[in-house]
Amino acid sequence: MAAPPVLLAVDDDPTGLCDVERELHDRYGRHYTVVCLRSPIEAREQLEAFAADGHDVALVLAAQWLSGMTGSDFLTEVRRLHPRSMRGLLISYGDWGQKASGEAIFEGISHGRFDHYVLRPAESPDELFHQTMSGLLLDWAESQRAAPYTVHIVGETWSGRAHELREVLQQCAIAHHFCLADSTEGRQLVERAGEAPQLPLIVFPNGQVLQDPTNLEIAEAAGSPTPANLEQVELDVVIVGAGPAGLSAAVYGASEGFGTLVVDQGGVGGQATSSSLIRNYLGFPRGISGRRLAQGAYNQAWVFGADFAFMQKVTGIERDGDHVVLTLSEGGTIRAGAVLLTMGASYRRIGVPELEALTGAGVYYGSSTSEASSMTGGDAYIVGGANSAGQAALHLSRYAKRVTLVVRAGSLRAGMSEYLVRQIEATDNIDVLARTEVVGGGGEGRLEHLVLEDRDSGERSTVDAHGLFLLIGAQPCTEWLPDAVERDQQGFILTGQDVPDDGAWPLERRPLLLETSMPGVFAAGDVRHGAVKRVASAVGEGSIAIQLLHQYFADRGMQPHGRPAYSPDPTPAPDVRAGRVAADPVA
């Protein structure tokens, strides 16, 4: 049986260390090995021994002022010995007001020396201390693929349908872990599925096993609510796309009494689910992963009464009197008073045939969070220069021996936030190749090498590579829209004053701020022309769209219907009841 993971604290203040040790033992002693030391030298020796033994260290806490070194320096060394450990700088209440301590916190976090600061515990039990601890330990558990309710995938190879299933669970913001069928873990999971199961398998935390399931079967098994008889209800607004803009609109729409349905061909979160840590989103000082942000937004909208139809693609849209009618890929139509388009954008394809053939086998579009563990000890390359690429590089640096960012621009600062640039520059195992492109590569069944080209000299070089993560550009998901919804040359939807005044708009009034050239159809987030490509701006536009719907309905003398009461299906699925979906929200 594996030894329990370690919680280590070092503080040369005996009183402060005693308080930390008390709280750690009382709350975590059953499941973790708690080690508290006064000497940073002794603590470093202990961490070296843990690394040599392969012993997991979940979290290290260090006071800033230690004998012979600072806590920031000590925690920097921890990263070398235990790259996946969470690291917290212990401070006392009010220390942030002292210049030296405040600068240590700012510099330490911005340069990646530690993950966050932790207030020393006061009277027991100190729930504020434990709230911080729980967040850090959950981050560690997720990095280990050991978080609660992790879904397991078993496949014969990394590519093909096994890769598609990982992408589906990533889109649904579901924590998951992949293993090959001929591995020790894979053989154990295959045995649980019975005799000669059809691969790939998905094993859910409740023991349910699906053999080579369809995407819709996965969504239903994960607890995704699927409203019955959509054609028989009156909806106020249908939101197409469950990324940050769509989820924000769902929260505000449902909370303000609109009958709200969100339809998405995948799951929740959009591209945001591939962000390992968003540090500049309001209200999350330690940062938050895109997956956890999407989960929280989904649960919030669901509690307010919004309904969701996942693994359903909208294939057509048209006006019918006072209503907008949507056609679904799974058959049937939906009628609503208004529609909000929040499909977002997808990463551009690299267009190199030999690399496209290895998609899922070392070549990935996004997916840095779900595929990071497979990069352990290898060389990972990331193509892209925006924030998503920077977040991916920092996340992969905890696993890969070396991470290389390949960017077309002259520097990262051309398209990346300064806080990410500083942290990347301070991370020893991240390199940046500016003015460079990936033009080739290959391998026997899995990526083994890449061909890089200098954009200025044209010189080419071949490098060993275990993973290529492509986060390039933004291609709007608008190819299914009719000509009546005007778009720019890149396919982004024109809204408000950008809608041309050349007959494309059929009414006397001008379009509302986020209204498209089809009256009653609005657009928000990355799919919209002129949108700021940031999570916070997408969330803001989603909420603004709901306020515009109030104005749209009032101008037309329309009253919202409120949450629809779905008619019972004559042969309902086991998890669906009339009037309300009985399943829990997506895990």
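Student: Which residues form one aromatic cluster?

Tutor: Phe-258, Phe-522, Tyr-552 and Phe-553 form that cluster. Rings of Phe, Tyr and Trp (its six-membered ring) pair if their centres lie within 6.5 Å; planes under 30 degrees apart count as stacked, over 60 as edge-to-face and the rest as tilted. This is a predicted model, in which local features need pLDDT of at least 70 and side-chain atom pairs count only at pLDDT 80 or more, while totals for chains, interfaces and linings use all residues. Residues are numbered from 1 along each chain as its sequence is written, and side-chain values use heavy atoms, with hydrogens and water left out.

Student: How many aromatic pairs does a search of the whole structure find, and why is the pair of Tyr-298 and Phe-310 classed as it is?

Tutor: A pair of aromatic rings is described by the distance of the centres and the angle of the planes. The search of the whole structure gives nine pairs. For Tyr-298 and Phe-310 the centres are 5.9 Å apart and the planes stand at 40°, so this pair is tilted. Tyr-298 belongs to helix α10 (residues 290–304) and Phe-310 to strand β14 (residues 307–310), so the pair ties together parts twelve residues apart in sequence. Helices (H or I, at least four residues) and strands (E, at least two) are DSSP runs, numbered from the N terminus.

Student: Are Tyr-298 and Phe-310 buried or exposed?

Tutor: Buried means under 20% relative accessible area, exposed over 50%, and partly exposed in between (1.4 Å probe, protein chains only). Tyr-298 is buried at 1% relative accessibility, and Phe-310 is buried with a relative accessible area of 1%. Phe-310 also forms a tilted aromatic pair with Phe-308, at 5.6 Å centre to centre and 45° between the planes. Phe-308 is buried at 0% relative accessibility.

Student: Where does the charged end of Arg-166 sit, and where that of Lys-533?

Tutor: A charge sits over a ring if NZ of Lys or CZ of Arg is within 6 Å of the ring centre and within 35 degrees of the ring normal. The charged end of Arg-166 sits over the ring of Phe-178, 4.6 Å from its centre. For Lys-533, the ring is that of Phe-492 and the distance from its centre is 4.9 Å.

Student: Why is strand β1 described as largely enclosed?

Tutor: In a regular strand the side chains alternate between the two faces of the sheet. In β1 (residues 6–10), five of the five residues are buried, so the strand is largely enclosed by the rest of the structure. Val-6, Leu-8 and Val-10 are buried on one side, and Leu-7 and Ala-9 on the other.

Student: How many residues of helix α13 are buried?

Tutor: In α13 (residues 387–396), ten of its ten residues are buried, including Asn-387, Gln-391 and His-395.

Student: How many of the 587 residues of the chain count as buried?

Tutor: The proportion is 55%. The secondary structure of the chain comes to 15 helices and 30 strands.
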